[in-house]
Amino acid sequence: MKITGIRTMTADVPLEEPVITAIHDVRSIGYVLVFVDTDAEVTGEGHLFSISAKHMEPLETMTAGLGRSLVGEDAHRVEGLWHKLWGEVNFFGHKGVSLFALSALDMALWDARGKALGQPVHRLLGSCRDAVPAYNSGGLWLSRSQDELIAEAKEFLKQGFRAMKMRLGKPSWREDVERAEAVRDAVGPDIRLMADANQGLDVRHALRLGRALEPVGLDWFEEPVPAYDVAGHAALAAALDTPIATGETEYARYGFRPLIEAKAADVLMPDLGRVGGVTEFMRVGHMAQAWDLPVSPHLYSEPSLQLCGALQNCDMLEYMPWSAPLFRERIEFEDGMARIPDRPGLGFTVDPDALETFRTAPAAGAAAKPAPKRPARRTAAKKDETAAAKTEAKAKPRTRTTAKAEPKPEKQAAAKAAPEPAPKPARRRKREPGRTPWYLRRGSGDA
Ligand SMILES: [Mg+2]
């Protein structure tokens, strides 16, 4: 299945209401959509998101640029192509924009592969379940009043969810505790409740808050301190009974390995768009299995379902409704469980009508141009030919032909009739004795 082209587009999907967390104020979600065209009449689709549309231009440019390396390759060789792209981004580093781009392309390759084989990706990866518990993450924001929190938590229960996540990060840790207690009272002891501080606290604050939250029975305390503070996460994981969850801003398995080694996380949260796509998500999931750690995907609810269906240690799906308007298909829920789609590929395809509505102008550098043609390289045969010609030339005696060809009679006559040519003037002007040459004169270099 030969890859015939890569196309990228951007979209900006406004949120129904702003999202406020300890460190975010989000009004719309920006997307880069990538389409991998093949000669097998299937197109693989992948996407990236960002909480700001202005991030889309560098992401799209990198994705389109990196994608050029895939044109002409066999889309079934996902593992090999992943390593090819990993090598390509070495110059930029294996983090940041380069890993986002790699992730989107890898997602699209798995989607193409599944579509070509008529199989959902979770089956290609080794399926383990048909449905996964899902928690509703699309609410219980920091901006909600306590009454609004309670009403929303009850609404989630009505929708069938048996798990949900609230946010922490009020200036007073006591207020966070009161809010968590209120939600717990509203939903009862059997509902799984998680809380996310979105990296907004320092270790002392998080420790005090975490200790006070122990009776609430949280399933996990997520990103209590900045993601880069591995030691801080480890200190909290050691001090608290409540599991610590982190990892959503890590890149590749090399970002997760230090978290595991430092015992900084009880739950790992790979993000499909950062970690390196489906291929690398699976590696992180398997690495976590070696430490009996659960994983729970960060956002990317639709495509992450395939990973939930393929990893035995996948705990829960994070359900966020942000991306739903972009796709033709919807996640199906039953008794708080999200069904793993059995449609070929990742199971969600971009809705052309949605594209009409949400598509934004392409980035200046993102046009999926073909790679510039290099000058034709000399083939081995051509090289041999040239080398043979050189050898032959060397072997010949270097005889300079002094005998000129016999002039033609008419030219001879004309030459005789022509007057003798005037002598050519001497090319070099003689230096007048005593005169300093121009190049030795002072200031001769001044114009
Ligand atoms: Mg989070």
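How many bridges join strand 4 to strand 12, and in which sense do the two strands run? Strand 4 (residues 131-136) and strand 12 (residues 337-339) run antiparallel and are joined by 3 bridges. The model is predicted: local features need pLDDT of at least 70, side-chain atom pairs count only at pLDDT 80 or more, and totals for chains, interfaces and linings use all residues. Residues are numbered from 1 along each chain as its sequence is written. Helices (H or I, at least four residues) and strands (E, at least two) are DSSP runs, numbered from the N terminus.

**Strand pairing**
- Strand 4 also pairs with strand 10 (residues 317-319), in the parallel sense over 3 bridges; pairing requires that DSSP find at least two bridges between the strands.
- Pro-133 stands opposite Met-337 of strand 12, and Ala-134 has Leu-317 of strand 10 as its bridge partner.

**Burial in helix 2**
- Val-78, Leu-81, Trp-82 and Leu-85 of helix 2 (residues 78-88) are buried, that is, 20 or more other C-beta atoms, placed from the backbone, lie within 10 Å of their own.
- These buried residues line one face of helix 2, because they fall within an arc of 105 degrees seen down its axis, the arc being that of the directions from the helix axis to the C-beta atoms.
- Glu-79, Gly-80, His-83 and Gly-87, on the other side of helix 2, are exposed (12 or fewer such atoms; partly exposed lies in between).

**Helix packing**
- Helix 2 packs through its buried residues against helix 1 (56-67), helix 3 (96-117) and helix 11 (277-289), contact meaning C-beta atoms, placed from the backbone, within 7 Å.

Technical notes: Two residues are in contact if their C-beta atoms, placed from the backbone, lie within 7 Å.
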